[in-house]
Amino acid sequence: MLKLERVSLNYGSFRALSDISLQARDGELVVLLGANGAGKSSIFRAASGLEVATGHIRFGTHELIGLRPSQIVQAGVVHCPEGRKLFPGMSVLRNLVLGAYVHRADRAGNRRRLEEIFGLFPILDQKKDDPAGSLSGGQQQMVAIGRAMMGRPRALLLDEPSLGLAPLVVRQMFEVIQQINRAGTTVLLAEQNAFAALKVAHRAYVLELGRVVLEGDSDALLRNPDIRRAYIGA
Ligand code: ATP
């Protein structure tokens with residue numbers, strides 16, 4: 001289980017997260033909804049050790065606050081950041097392999113994992129020698145997810161994977177996310193695309209101005225008129 005307990009985060013004097021408590025149980029797909037600036041990325045940055053928050057972020061027996069990012073990956077929590085953050089001039093393959101940095105001693109394991117990722121995204125196998133920056137937006141997002149999967153997450157933090165993608169590509173992206181989750185990876189997903197995310201998620205939290213204002217099963221939130229008005233536009 002990935003569990004945040006009373007997590008707060010300041011940028012200088014600005015409080016981005018206030019007493020956030022939320023959890024993703026093993027095997028769950030949990031979505032974080034909220035407008036721009038609600039604090040979704042800040043939660044991921046705190047959980048992956050890029051920002052130092054207060055409170056507790058526990059994963060299994062590990063306390064993540066205070067660990068270095070590489071130690072957090074080793075503990076099983078891997079962050080796929082918003083905006084993909086690929087190295088555009090490097091090949092698809094090299095971008096993918098970078099995600100396995102903490103497992104670099106296990107070359108056979110990394111080769112197996114790479115084959116699994118090519119199974120998930122066959123187009124990346126075809127384009128493995130191409131510069132990552134030459135791929136379409138959807139394919140680049142696949143590289144970003146594939147790179148995170150090379151870190152062998154037991155919990156995957158996915159920040160806005162559908163951002164800027166065409167509707168058909170978004171649908172495919174959510175299918176793959178669901179496939180990753182069904183194969184046993186816990187997923188915490190930040191999304192603006194509330195309808196598509198709630199359709200695949202088990203549960204969701206709604207954030208406003210750095211606080212959790214609502215939580216519930218996805219089905220219940222999909223029926224909630226306030227959620228429909230604010231995030232789905234129906
Ligand atoms: P988005 O989808 O736009 O990334 P978000 O819900 O992920 O939104 P965050 O990126 O976590 O929101 O931002 C939460 C708040 O913290 C926002 O008001 C943002 O302007 C602020 N913020 C984020 N990063 C920094 C930073 N490095 N320095 C100062 N303020 C920041």
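# Notebook: helices, pockets and domains

**Entry 1. Helix α7.**
I listed the buried residues of α7 and got V170, M173, F174, V176, I177, Q178, I180 and N181. Buried means under 20% relative accessible area, exposed over 50%, and partly exposed in between, with a 1.4 Å probe and protein chains only. The model is predicted, so I note that local features need pLDDT of at least 70, that side-chain atom pairs count only at pLDDT 80 or more, and that totals for chains, interfaces and linings use all residues. Numbering runs from 1 along each chain as its sequence is written, and side-chain values use heavy atoms, leaving out hydrogens and water. Helices (H or I, at least four residues) and strands (E, at least two) are DSSP runs numbered from the N terminus.

I then checked the span of α7. The helix covers residues 167–182, 16 residues in all. From first C-alpha to last, α7 reaches 23 Å, close to the 22 Å expected at 1.5 Å a residue. The expected span is 1.5 Å times one less than the number of residues.

What do the buried residues of α7 pack against? I found β3 (29–33), α4, α6, β7 (155–159), β8 (186–191) and α8 (194–200). Contact here means heavy atoms within 4.5 Å. After α7 comes G184, with a positive phi near 120°.

**Entry 2. Helix α4.**
α4 is one of the elements packed against the buried residues of α7, and I looked at it next. This helix runs over residues 107–120 and has 14 residues. Its reach from first C-alpha to last is 20 Å, close to the 20 Å expected at 1.5 Å a residue. G109, N110, R113, L114, I117 and F118 are its buried residues. Their cover includes α3 (92–98), α5 (122–126) and α6 (137–150).

Is E115 buried or exposed? E115 sits in α4 and counts as exposed, at 53% relative accessibility. I also took its distance to G76: 20 Å, C-alpha to C-alpha, across 39 residues of sequence.

**Entry 3. Domains.**
I read the chain as domain 1 (1–76 + 156–234) and domain 2 (83–152). The bounds come from an automatic or database domain assignment. Taken over C-alpha atoms, the two domain centres are 23 Å apart. In the contacts, 15 residues of domain 1 meet twelve residues of domain 2.

**Entry 4. Largest pocket.**
I looked up the largest pocket and noted a volume of about 610 Å³. For pockets, a 1 Å grid is laid over the protein atoms alone. A pocket is an open set of points with protein on both sides within 12 Å along at least five of seven lines, whereas a cavity is a set where a 1.4 Å probe fits but cannot get out. Lining residues have an atom within 4 Å of a point. Points are joined across faces, edges and corners, and the volume is the space filled by probe spheres set on them.

The lining has 25 residues, and those nearest the centre are V73, V78, H79, P81 and R147. Two or more residues each come from α1 (40–47), α2 (69–75), β6 (77–80) and α6. By class I have 14 nonpolar, six polar and five charged residues. Nonpolar covers Ala, Val, Leu, Ile, Met, Phe, Trp, Tyr, Cys and Pro; charged covers Asp, Glu, Lys and Arg; the others, Gly among them, are polar.

Where does the largest pocket lie? It lies between domain 1 and domain 2, because both give residues to its lining.

**Entry 5. Second largest pocket.**
Its volume is about 260 Å³. I listed the lining as L93, V97, L98, A100, Y101, R104, R107, N110, R111, L114 and M150. The elements giving two or more residues are α3 and α4. Which element gives the largest share? That is α4, with four residues. The classes are seven nonpolar, one polar and three charged. L114 and N110 are also on my list of buried residues of α4.

**Entry 6. Helix α1.**
I went back to α1, one of the elements lining the largest pocket. Six of its eight residues are buried, so I logged the helix as mostly covered. Those six are K40, S42, I43, F44, A46 and A47. S42 has a relative accessible area of 9%. Beyond four places in sequence, S42 touches L9, Y11, A16 and L17. G49 follows α1, and its phi is positive, near 85°.

**Entry 7. R154.**
I placed R154 in the loop between α6 and β7. Leaving aside neighbours within four places, R154 is in contact with F59, A75, G76, T185 and T186. I also checked R154 against N181: 27 residues apart in sequence, 9.7 Å apart in space, C-alpha to C-alpha. N181 is among the buried residues of α7.
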